[in-house]
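This report examines selected local features of one protein model.

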Amino acid sequence: MNPCWRFWSAWLCLCLIHLPISSPLVPNLPLAPNPGKLILVRHGQSLWNANKTFTGWEDPDLSEQGSREAIHAGRLLLAKGYQIDVVYTSRLKRSIRSAWEIMTELSSVHLPVYKSWRLNERHYGAFQGKSKVEMAQKLGADEVQKFRGGLFERPPAMSLKNAERYRDRKHADLSTSQLPRTESLYDCMTRTKPLWEDRIKEDLRRGKNVLVVAHGNSLRGLVKMIDEIPDNAIKDVAVPTGIPIVYKFNRKIQAIEDENEEGNKNLNMTGVFEGIVARRVKGQFLEKPGLLRDALKREQAWQQKVPGLDDAAPISGERSQQQLTPMEQSLFKLQDENNLMDSPTSTSEPETLQNDTATLANPNYYSGKRLEAYQDKCAKNVVTFSDKVKVPIRKDSVVVIIRHGKTSHNQLGLFTGWEDAPLAEEGREEARQAGKLLKLHGFEFDVVYTSWLSRAIETAWLALDELDSLWLPIIKTWRLNERMYGKLTGLSKKMVAQRHGQDQFMRWRRGYRDRPPRVSSFSSLYPGNDERYCKDGGLTDVRYSFSESMIRTWESGRLKLHRKLPKTESLSDCMKRTIPFLVERVIPDSINKGQRVLISSSENAIRGLLMHLCDIPEDRISDLEIPNGLPLIYDVNSRCIKLLDDGSGRDLTEVYNFGSAVDLLFRPCINEDGEEEEECALIVEWPEIRIPIPADDAPPPFNLLSNLTQEEREELTLL
């Protein structure tokens, strides 16, 4: 027998001897784990909630208050120690954005998110888009409330022509029978039930904690099914915005009281939420409804009276000097919100600062966040267009590849690798501009692929937000992660070059088969010590590691299987996981089906994609540089990379650094006969039919057009 195998066999026997007799031999045993918990969150206030409009399947965004409600919900879950494994939401923007805000607070944006039309809000038929107040005045408050609160009552149906308006790209997969013209609460509950029975309950049985972020009526339907609320009592149950409701289950997936929680009785429910206690809803509210809303109203009153109040940091000066982790930042902010809730409600208005030289009476005064808000408002009018002119949507199959926007590590010249460095503000702007540029050129997508690293996920998210396509499926995979830099992770590139010499530095950084020094099994840099990668069910396409399994078995006193995760990678190692994912997953599942694909990833993973797509040899691939935030357009038919004209008239190959392998990236296009195209445009020209027209109250166009001369700007304005 091989001496190495003798050693490992002896070690395994020693480990088994030290295991307690009751220890399971397989980590997934027992087959029936304790059921997971279900967390229900109604989306934050939408713009239409704020003005009391029937919303239904219409798609308004969150209001500022709604965004803060969603963030607060995430902080409540964080403070209570809840962890989630999978997320379900509807296909409507207000629900999807609320889920994103919650996941961001929980540092869990890598989790799978399933966007289902079955969780959409109830369809209000002909009432959609109508004022609730006006309809109550017109039909009578009792009649309108009957439609809103009853189980079987339906509002007047929408016309067939108007109903077809909702067969947009979000709901293109729905049949005619599935596309409603009006719905009762019972209808809404009926379409939600299959998702509950077939997917959510199954996840709970497997021990997964499930977060469902949806709408008032789709959640009321779930609450009715879970708590078995009688038909005549559902009208008494209301679901507030932004307050998590947590359910605990027995092995039969029946809701039970959580002995570790205080219970809803102690929250002193009032008003429309009294039914929660009266009907003995077993889901635990993590906060009394209305507290945050009242606190925000008081904060707003002070901001209107005290100039610059909103510029003050919510974290005290002593804490703001410290380097806080994302968890610490969230918990401190939650603490400040709770302090604001606990402050006594004053009957008198806050006094205006009479002696301050910079008061609201001065129209030229803007404090920090007020100025930012003004700039954000202007940014939405960066390039506005005549509604009568539209760019033709690109229907052909295409692959758009974007390297994530800059992170603080990029700005400081640090090796990042698998370390989850967030986007810097510059990187967020790069991602937004990428989305705007794609929209200007008429791009739409059918599916998005990205890594498990938040910088790539957020880049995709911000680009999709500009494209108004947050509902698209986002497939997240570790195989698109950046190269694992081993012990170099987090170190300054200049420092590494100074310590080890320029030649060694370049071999580690640019060598195709050279690996940096590997980290140990106990290092915080090792992905196997990151819960995202070692959690049961997280990685299923990676083989188990015998040595790592033995280490963790010895440490825990029970048999634990551990996946083989990289402790360092060469560029070649990175390609060996990236290219197979492209060939075995992206090409057959998406590209070959004619889908339009967006890929957001990191530089070395993108090198692997381009190496395969553009036939770049391995001895030249490390010479290729990938600019941050720049869309690279791979034309599937002509098999070449193109760039998008940004309207500045610049030569983009000179503006951006593509490295010395630029000639291999931008090769001539191939026609249907397999020959080089005689006319192959490197840059897709700015759409001539889209002429920017500034809004009447908007400043001159900037950002995308920032490189135009003043004379060109004036000419453009005249046009």
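Lys52 is placed in the loop that connects H2 with helix H3 (64-80). In this predicted model, the phi of Lys52 is near 55 degrees, a positive value in a residue that is not glycine. Lys52 is partly exposed, its relative accessible area being 48%. Asp615 likewise is not a glycine and has a positive phi, of about 55 degrees. Asp615 belongs to the loop between helix H23 (603-613) and strand S12 (632-635). With a relative accessible area of 56%, Asp615 is exposed, because values over 50% count as exposed.

| Residue | Relative accessible area | Class |
|---|---|---|
| Lys52 | 48% | partly exposed |
| Asp615 | 56% | exposed |
| His43 | 2% | buried |
| Glu121 | 8% | buried |

**Annotated positions**

Which residues does UniProt list for "active site"? The unreviewed entry gives His43 and Glu121 under that heading. They span 79 residues in sequence, yet no two of their C-alpha atoms are more than 10.5 Å apart, so they gather at one spot.

His43 lies in the loop between strand S1 (38-42) and helix H2 (47-50), and Glu121 in the loop between S3 and helix H5 (132-139). Is His43 buried or exposed? His43 is buried, with a relative accessible area of 2%. Glu121 is buried at 8%; both classifications follow because buried means under 20% relative accessible area.

Apart from neighbours within four places in sequence, the contacts of His43 are Asn49, Leu62, Arg94, Ser95, Ser98, Ala214, His215, Thr241 and Gly242. Glu121, with residues up to four places away in sequence not counted, touches Gly56, Trp57, Leu92, Arg94, Glu183, Arg191, His215, Gly216, Asn217 and Ser218.

**Strand S2 and its partners**

Strand S2 covers residues 86-89; Val86 and Tyr88 point one way from it, Val87 and Thr89 point the other way, and all are buried. S2 pairs in the parallel sense with strand S4 (residues 210-214) over four bridges, and within this pairing Val87 stands opposite Leu211. S2 also runs parallel to strand S3 (residues 113-115), to which three bridges join it. Here the bridge partner of Tyr88 is Tyr114. Together, S2, helix H4 (residues 93-105) and S3 form a right-handed β-α-β unit.

**Helix H9**

Helix H9 takes in residues 216-227. At 1.5 Å a residue, its 12 residues should span 16 Å, and the end C-alpha atoms are 16 Å apart, which agrees. How many residues of H9 are buried? The count is 12 of the 12, so H9 is largely enclosed by the rest of the structure.

Note on methods. Residues numbered from 1 in each chain as written. Predicted model: local features only at pLDDT ≥ 70, side-chain atom pairs only at ≥ 80, totals over all residues. Heavy atoms only, no water. Buried < 20%, exposed > 50% of the residue type's maximum accessible area, 1.4 Å probe, protein only. Helix = DSSP H or I, 4+ residues; strand = E, 2+ residues; numbered from the N terminus. Pairing = 2+ DSSP bridges. Right-handed = clockwise from strand over helix to strand, strands pointing away. UniProt positions renumbered as here; feature names shortened; annotations may be inferred. Contact = heavy atoms within 4.5 Å. Expected span 1.5 Å × (residues − 1).
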